Amino acid sequence: MAGVPQIIFPGNLFERRYNAESAAKLGLGLFFDDSQFDPLTLRRAVEAIRADRDVDARVSALRSRMAALGGLDRAIEAIAALGAGASC
């Protein structure tokens with residue numbers, strides 16, 4: 001995780017949409033349908049995130065939590081172990 005709030009237009013793929021909805025529910029950013037993609041929507045989204053005084057703290061807290069769990073390297077190791085039939 002880059003440690004910045006997200007503005008997400010995930011398209012119609014279930015996994016992307018699920019992740020976008022999850023990020024929004026956690027207060028890490030905003031998501032919109034692709035049909036809403038235009039300069040005005042994007043500008044309003046940026047303004048809304050800037051107005052949210054707590055978004056940076058939420059993003060930073062998640063970033064720290066992910067790092068404490070081992071970050072990307074640990075996730076890759078866990079996925080590889082599952083693919084090899086080992087338990088994590």
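Modeller: A residue counts as buried under 20% relative accessible area, as exposed over 50%, and as partly exposed in between (1.4 Å probe, protein chains only). The model discussed here is predicted, with local features requiring pLDDT of at least 70 and side-chain atom pairs pLDDT 80 or more, while totals for chains, interfaces and linings use all residues. Residues are numbered from 1 along each chain as its sequence is written, and side-chain values use heavy atoms, with hydrogens and water left out.

Biologist: What does T41 contact, leaving aside its neighbours within four places in sequence?

Modeller: Contact means heavy atoms within 4.5 Å, and by that criterion T41 touches F9, F32 and Q36. A polar atom of the T41 side chain lies 3.0 Å from the backbone oxygen of Q36. A polar contact is a pair of N or O atoms within 3.5 Å; within protein, one must be able to donate a hydrogen and the other to accept it, and residues adjacent in sequence count only if both atoms are side-chain atoms.

Biologist: How many aromatic pairs does a search of the whole structure find?

Modeller: The search finds 3 aromatic pairs.

Biologist: What makes the pair of F9 and F32 stacked?

Modeller: Rings of Phe, Tyr and Trp (its six-membered ring) pair if their centres lie within 6.5 Å; planes under 30 degrees apart count as stacked, over 60 as edge-to-face and the rest as tilted. The centres of F9 and F32 are 5.4 Å apart and the planes meet at 25°, so the pair is stacked. F9 sits in the loop between β1 (6–8) and α1 (14–25), and F32 in the loop between β2 (29–31) and α2 (39–51), so that distant parts of the chain, 23 residues apart, are linked. Both F9 and F32 are buried.

Biologist: Why is the pair of F9 and F37 called edge-to-face?

Modeller: The ring centres of F9 and F37 are 4.8 Å apart with planes at 90°, so the pair meets the edge-to-face criterion. F37 lies in the loop between β2 and α2 and F9 in the loop between β1 and α1, so the pair ties together parts 28 residues apart in sequence. F37 has a relative accessibility of 54% and therefore counts as exposed. Ring pairs join F9, F32 and F37 into a cluster.

Biologist: How do you know that R17 forms a salt bridge with D33?

Modeller: A salt bridge requires a side-chain nitrogen of Lys or Arg within 4 Å of a carboxyl oxygen of Asp or Glu. The closest N and O atoms of R17 and D33 are 2.8 Å apart, so the pair qualifies. This pair also links distant parts of the chain, with R17 in helix α1 and D33 in the loop between β2 and α2, 16 residues apart. R17, at 26%, is partly exposed, and D33, at 33%, is partly exposed too.

Biologist: What separates E77 and R74 in helix α4?

Modeller: E77 and R74 are 3 residues apart in helix α4, and therefore about one helical turn apart. Their closest N and O atoms are 3.9 Å apart, so this pair also counts as a salt bridge.

Biologist: How do you know that the span of helix α3 agrees with expectation?

Modeller: The expected span is 1.5 Å times one less than the number of residues. For the 14 residues of α3 (residues 55–68) this gives 20 Å, and the end C-alpha atoms are 20 Å apart, which agrees. G70 follows α3 with a positive phi, near 110°.

Biologist: What makes up the largest nonpolar core?

Modeller: A nonpolar core is a set of buried Ala, Val, Leu, Ile, Met, Phe, Trp, Tyr and Cys residues joined through side-chain atoms within 4.5 Å. The largest one holds 5 residues: A23, L28, I49, V55 and V59. V55, in helix α3, has 3% relative accessibility and so counts as buried. Not counting residues up to four places away in sequence, V55 touches P5, G27, L28 and I49.

Conventions: Helices (H or I, at least four residues) and strands (E, at least two) are DSSP runs, numbered from the N terminus.
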